[in-house]
Amino acid sequence: MLVCLLVMLISLPCCSQLLGKAFAYPNSNESTSSLLGGFDLSDSTGSLYVVVLDSSGLPLHPETIILYDSSYTEISRVTPLLNFYTFNFLSAGTYNVEVYIDDMFIGAAGNVAVQAGQTTSQTIQASWSKKTLTVTVCYSDGLTILPGATVEVYSWDGYHKQYNLRTFSVTDLNGMASFDLWPTTIAAEHYRLEVSYLLSGNIGEEDNVKVDKYNGGSATITTTLATSGYGSISVTTLNHDGSSLTPDTLILYNSSYKEVSRAHPLLNTYTFDSLSPGTYNVDAYADDMFFGAAGNIIVSAGQTTSQTIQASWSKKTFTVTVCYNDGATVLPGASVQVFSWDGHNQIYNLRLTQLTDTTGKASFLLWPTTIAAEHYQIKVEYLLSGTIGENDNVKVDQYNGGQETMTTTLAPSSLSSGSISITILDSSGNALTPETLILYNSSYQEINRATPLLNTYTFSSLSPGTYSVEAYADDMFIGAASNVHVQTGQIASCTIQTSWSKQTLTVTTYYSDGATPLSGVTIEVFSWDGYHQRYDQRSSAVTDGTGKASFLLWPTTITAEHYKLEVTYSSSQIGEEDNVKVDQHNGASETITTTLVSSAPSSTRFSPTVNGYHFDNTIPKETVSFSDASNALSSCAWSSSIPVEARPLIAMFAVDVNQLQFGNCFGMCYTAKYYYENPSSFASKYSGSGDMYGVSETAASPEILVNQFPGQEIMQPHLFNLALTYLGLNSLNDEAQWIMSECDNYRPVQLYLTALQNNPFFMHSVIVYDYKLNGNQLTLYIYDPNHSGTTCYITLSKGQNGNFALTRTNNSGDLVSEYGLTNIGTGERTAVDWNLLSAHMNELMQAVWELAPKTVESFLGTEANCPVNMLIRASNGSRVGYDWTTGKTVNELNGVFYSGNATEPQVIMIPDPDNGPYTIMLSGTAIGNYTLTVERYDQGQLIGSPSTVNGEIETGQLKEYTLQLAGNAPSIQETPEGINIWWVGTAVALIIACTLFAVYYRKYRTSRWKTKK
């Protein structure tokens, strides 16, 4: 069946987009100060090695170490990565050191003598430990406690004159929250407490909170939140024996037993808030089964009523016996699934699964069915036979449990056959699920191989005789069972316990010189699968600062068994080792010398003013059509790796190229970084367009789309963005430590800034050349080709969950604030490299369908030029596009994608359009000329000729066109007369304003009258 896709592309060249900017730092001969801060590097200097311990003598990781000279003039302050730090290149003399954690002083060392040519060691042990600060939160009356409020603790950073968030907690039923904090031992040191509650925002704060180094501290915060006429019920649920029990569902009823609310708690305590005074009842359920209730619970205004529900019974044993269809022969190895009936949602929920044992039995612990409608469903499945038995109304007695015999539809294949049940254990006797089990006959000819889901597996329907079984994990042999005798109608049970365990393989990588350790590269481990004659990936890791990475692997105990190691950097393979063995006792170590040349200068950091070249920015604006982009993509060398279903990406590429205003930020960053690392390849500090793009074209063209650089510099950011947004394949935490490691080694890192302003079409590229780590805050210093001579940065903060998140500072140079960043990641060392993206292409395409329709082989493409916004109305009245009357976008058609009025060009994709007619409305945003072109494609081929119209438009003017899709080619006709829409918008705005005012006035008058009365 012919399927069509309507694509509307509106180019707005008069609008400047982020990708279109092409400003860069001007040429400059200004030198870069050394990372060593200008210290003399001669033999006349010494070093100071500082170790920090807690009050118990254990290692303590400080946030800040400050070095002073003998006059207590600050020389340096650092944020160590560990509990020790070395200050190098110090002139001989006397120094002082102070240590801080969470902005609080914890210890010092004075009059530390440093001698030339020597390293002085100094240990600073904290004189105190963290103490408890207890905070009590009250309503505005200062008496009524406020449970469920969030208390945030900030420390005062006197150096930066700012508060830093340290921890937070939610007040308990007594309105209290406790924190372990470092004491405030210096006059200026203090904490700040902020209290927020649900949607009320900040309701209280305390600015000068002290914590005593012996007794801790306490604070009471009276908030601005008034006690209302509402109360709460706090419900705690317990097992029959009094232990904690997290319920599946809690249902709250009023005094008439009408349901008020239902909740699915994460713990065994839950609070129903904002309840009107009165009487309530609560029922508790586990696994959809009722286990207890509390009735006649009195709720008073401003009070929390606590109620405990203890189960009146416990889980009981329910035994299922499974038989063949003769009702007598038991069936071992069948899968028994237990489902509970969810009457509220009218569905069955899977609760437990178990395989029948050698007697055909499976036992389960289930909650009793104590209400008439409660019941379980039991299904039986067997290997490839699917469901072979089912019972939909199974009851469990609250005292005796129950039992059920399931007679299946499966006939005994032959009572003359038997089975082997294999159990696999590790060397410690714990359950071990093998990857492969191979069954051999007495002549050691393979009979069957299986991939078990558990550590127990049954080979069924075996002729009587002698068999052997081998077990493998990660393609490596781990054990065997020989001479297993199978008898008619019997199950032979045997256990294979491996004699060894996983061992450590340590891999060290070097640059091409074979001596310089290579950090931050990815090592992938593959096992050799001799059966399928292929390598299977097993693990991957990134090398540390010493160029090492370690893996736990199964030993290679058979001659042909081996592993393969591959080393990748920036999506390119730079080294491998094909025949790696792992000893069953000692593990192994491997050294790989890669092809990567240590290219970064040894003592000069990337400088935006020196290495951030001035680009000529002379590439003129040129619109690339959808068909041109499609042809360019189809002709590129790697297009065969992109399936036809991925063609919606072409629209995104066309958007990117059309957004280019004189240059491409990806190319500029690539060029600046390349020539910093390879200075001999670039004599001048000035880059022409050829250097910028690596192609001979001087104008933006379809070739730029696919030929810009190795690694698909346009393609990769798009797929990277999709992977970040939809697959979650990349984690900022994976990248942060590596970025810091690269900067420590003077290697700049290229970053992708994706989905700017939450728009999937807006992307940008910058370079990280330095960083500062201050506690949980990481600042990345940025070269941005859009900002000539400006210091830019991106700030990341680590939250309570240990994850980094982008942080807005709203200061000058803050790219998070300027670009509205939502995601960042490196274009060099990312978990979503090109190979991984290719491997996940099918998943990515499902993500693409959220941006574009599911079929792209047949479509209609339309292009228009500014200054207009677009709205399309289908024959049934449904709309998609920009509604000029409300100033908002609308999307009322199923499966349609609209790129938004802020994109250039605007894109509307309509799958499976009918023959119309469709109405296209263009609303003017300025005075100027526009062009509207429609092309129809089928199976990738242009059908007929494009239909094009040209016109002039003014601000607020509306142009209307009718689009007919009947026949081979689309047809566009203009409605005879356009209208000016400013008065329409004004009228609509006035009507809305008057309506809102009338509603407000009436409410205000009513409120005033009631108050006076």
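Predicted model: local features only at pLDDT ≥ 70, side-chain atom pairs only at ≥ 80, totals over all residues.

Searching the whole structure turns up 16 aromatic pairs. Start by selecting Tyr-49 and Phe-84: their rings make a tilted pair, 6.0 Å centre to centre with 45° between the planes. This pair ties together distant parts of the chain, since Tyr-49 sits in strand S2 (residues 45-53) and Phe-84 in strand S5 (residues 84-91), 35 residues apart. Tyr-49 is partly exposed at 27% relative accessibility, and Phe-84 is partly exposed too, at 36%.

Next, pick Tyr-253 and Tyr-257, another tilted pair, with 4.7 Å centre to centre and 35° between the planes. Tyr-253 has a relative accessible area of 12%, so it counts as buried, whereas Tyr-257, at 43%, is partly exposed.

Now show Tyr-100, Phe-105 and Trp-128 together: ring pairs link them into a cluster.

## Over to the sheet

Switch to a cartoon view and look for the open sheet of 4 strands, in the order S4-S3-S6-S7 with antiparallel pairing. Its edges are strand S4 (74-78) and strand S7 (104-114), each pairing on one side only. From one strand to the next, the twist averages 15°.

Zoom in on S3 (residues 64-69), which is joined to S4 by 4 bridges. Select Leu-67 and you'll find its bridge partner in S4, Ser-76.

## Charges over rings

Two last stops. Arg-77 lies over the face of Tyr-159, 3.5 Å from the ring centre. Then jump to Arg-449, which lies over the face of Tyr-531, at 3.5 Å from the ring centre.

Technical notes:
Residues numbered from 1 in each chain as written. Heavy atoms only, no water. Pairing = 2+ DSSP bridges. Helix = DSSP H or I, 4+ residues; strand = E, 2+ residues; numbered from the N terminus. Axes fitted to C-alpha atoms, helices over the stretch in contact; angles between N-to-C directions. Phe/Tyr/Trp six-rings, centres within 6.5 Å; stacked < 30°, edge-to-face > 60°. Buried < 20%, exposed > 50% of the residue type's maximum accessible area, 1.4 Å probe, protein only. Lys NZ or Arg CZ within 6 Å of the ring centre and 35° of its normal.
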